[in-house]
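Biologist: I have a model open on my screen and would like to understand the words used for it. Could you walk me through them?

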Amino acid sequence: MSSDSIDLSRSTNDVGGLGDRFAHYVFFGCALVTVATTVAIIAVLVNGALDFFSEVSLLEYLTSTNWSPRATDDPGFGVLPLVWGTLMITVGSALVAIPVGTLTAIYLSEYADQRVRKTVKPTLEVLAGIPTIVYGFFALSFITPVIQFFFPETGTFNAASGAIVVGVMIIPMVSSLSEDAMSSVPDSLRNAAYGLGATKFEVSTQVVVPASLSGILAAYILAISRAIGETMAVALAAGALSQITTNPLDEVQTMTAFMVEIGTGDASVGSIGYQSLFAIGLTLFIMTFTMNIGSMWIRSRYREEYE
Amino acid sequence: MTANSGGPETVSKHQIDDSPPAETTTSETLEDAWGDEAVIQSRDLEVFYGDEQALDEIDMDIPERQVTALIGPSGCGKSTFLRSINRMNDLIDVARVEGDLYFHGKNVYDDDVDPVALRRKIGMVFQKPNPFPKSIFDNVAYGLRVQDQEDNVDEQVQQALERAALWDEVKDQLDSSGLDLSGGQQQRLCIARAIAPDPEVILMDEPASALDPVATSKIEDLVEELSQEYTVVIVTHNMQQAARISDKTAVFLTGGRLVEFDETNKIFNNPESQRVEDYITGKFG
């Protein structure tokens, strides 16, 4: 081959590799948007929260059981009732989602044949795509009446209805992520157990689940973190009465539901009620952020090693 | 009568037509007729993966307490045959088995056979070491536990590890993960795990192919050792290995056909089939 038969020179309309460099900056700029937004959100939250804590002591915020920031006489600034409401919804939804989601994942990963899996998994993921406000209406118009049928004293707004609907909402998250973890357990481990005369149930519960436990736990934490942050469905279903109660049939207010209540209107900018939004927002952010970090830590710390 | 009764014959379908009819299914009749030597007998066994035929009319009598090697080029069906013995092919959605496979005269593909019960009699060791992500002890004890043989687990685990020539190396670290062992140790751990519940037959699917030469020779010694108590069926594509450790050798060639099955000496020194000789001497494959 003669040396002049090959052309290695740069294309004439790409002077100095400009095209590539331009693309580099465009992509970098897009990546920067998300990072900058995160930083800005944290800055806004912290700034607003500082305003709030200049008027309310951190001690009162964290220990008082009275949350009535807009009361004209003797307002209360204790976040505990809101945290309690959030906890009730979160724990209740975990009680629904973890068993159902985990068993669904085992079914999909170990029992279902290819055809069923190909139908059920996308269906579950559609469930995850329904707007949460629709779940809220579903709770009001279906779950609450069912609860009232069994417990006629129950009011329109109650924690149980919110917990159930959030639980249903996060089932796809639990099942889908857990199923991913179980499916990534290599078949060689299943074969080893089957070869020893294990039944399908023994293989699923004694080999597959333990081998994928870290992925399953990470799925739980992400789902719970989602439940903590869930807003519209609980605002509709659980109500807006901030109180500490142990009865799941009582009305409760979560942190998010309070933020909807205040954020949608009647608190004037600069008022203490308005400022409290930022304190609650920051509290929520810290809770979910900690859980997401925890989920990542569990996944890397207990990463499955199969071979 | 049957291929293993000696003689330099190749096994093919027409030669066993004089064997007892398959409809006599009580174990006594079959054992009487076929002698008590063969523990596994396949008759016209065919396996399909979807439309692909992986095994074509396999007839073979596998003798008790000997090492039977299955050799042949890649894709010839030897692993498929091995996996059809303990019905591991059941786990593959598209696999379909036709023909008969008798274990002590009982057709394992009969409707009333539970593959779980079958696999408790026929243990298996795989190509790549596949210990569970559990402790060494729990790995060996796993089969005992699922098979409800939980008396003296400690003792049985020790025995299995001793028989697998691993005890001295791991006796002080039984609680550490099976995955911390070297590849060769892991494979011996898997062998210990397979023999702990005391099966009758051990199937080995290229158990040394992922190991270095030293670890391989340990596994080979172990296989010969094990054949004093167990019937061993081993797939290998290492012909020297087959020649070293097996009593009988089955040569599979392309298309899932069993071309020749005989005493290992005979196969390697004086095979009937020209194709087997070509394969053994490395002319193809």
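**Strands, helices and contacts**

Modeller: Gladly! This is a predicted model. Let's begin in chain B, where β6(B) and strand β7 (residues 201-205) pair in the parallel sense over 4 bridges.

Biologist: What makes β6(B) and β7(B) a pair?

Modeller: Two strands pair if there are at least two bridges between them. β6(B) and β7(B) have 4 bridges, so they count as a pair. In one of these, B:G123 has B:I202 of β7(B) as its bridge partner.

Biologist: Why are both faces of β6(B) called covered?

Modeller: In a regular strand, side chains alternate between the two faces of the sheet. In strand β6 (residues 122-125) of chain B, B:I122 and B:M124 lie on one side, with B:G123 and B:V125 on the other. These residues are all buried, so each has 20 or more other C-beta atoms within 10 Å of its own. For the whole of chain B, 47% of the 285 residues count as buried.

Biologist: Which kinds of element does chain B have, and how many?

Modeller: Chain B has 11 helices and 10 strands. Among its contacts with a separation of 6 or more, 68% join residues 24 or more positions apart.

Biologist: Now to chain A. How do you describe the packing of α3(A) and α9(A)?

Modeller: Two packed helices are described by the angle between their axes and the distance between the axes. For helix α3 (residues 80-111) and helix α9 (residues 213-229) of chain A, the angle is about 145 degrees and the axes are 9 Å apart. The crossing of α3(A) and α9(A) is right-handed. Residues making this contact include A:I89, A:A94 and A:I98 of α3(A), and A:Y220, A:A223 and A:I224 of α9(A).

Biologist: What are the residues of that contact, nonpolar, polar or charged?

Modeller: The contact of α3(A) with α9(A) has 10 nonpolar residues, 4 polar and no charged. Ala, Ile and Tyr count as nonpolar, so A:A94, A:I98 and A:Y220 belong to that group.

Biologist: Where are the domains of chain A?

Modeller: The domain assignment gives domain 1 (18-55) and domain 2 (76-301). Each domain gives 8 residues to the contact between them. On the domain 1 side, 5 are nonpolar, 1 is polar and 2 are charged. The centres of the two domains, taken over C-alpha atoms, are 29 Å apart.

Note on methods. Residues are numbered from 1 along each chain as its sequence is written. Chains are lettered from A and ligands numbered from 1 in the order in which they are written. This is a predicted model: local features need pLDDT of at least 70, side-chain atom pairs count only at pLDDT 80 or more; totals for chains, interfaces and linings use all residues. Axes are lines fitted to C-alpha atoms, for helices over the stretch in contact, and angles run from 0 to 180 degrees between N-to-C directions. Helices (H or I, at least four residues) and strands (E, at least two) are DSSP runs, numbered from the N terminus. A crossing is left-handed if the near helix is turned anticlockwise from the far one by less than a right angle, and right-handed if clockwise. Two residues are in contact if their C-beta atoms, placed from the backbone, lie within 7 Å. Domain bounds come from an automatic or database domain assignment. A residue is buried if 20 or more other C-beta atoms lie within 10 Å of its own, exposed if 12 or fewer, and partly exposed in between; C-beta atoms are placed from the backbone.
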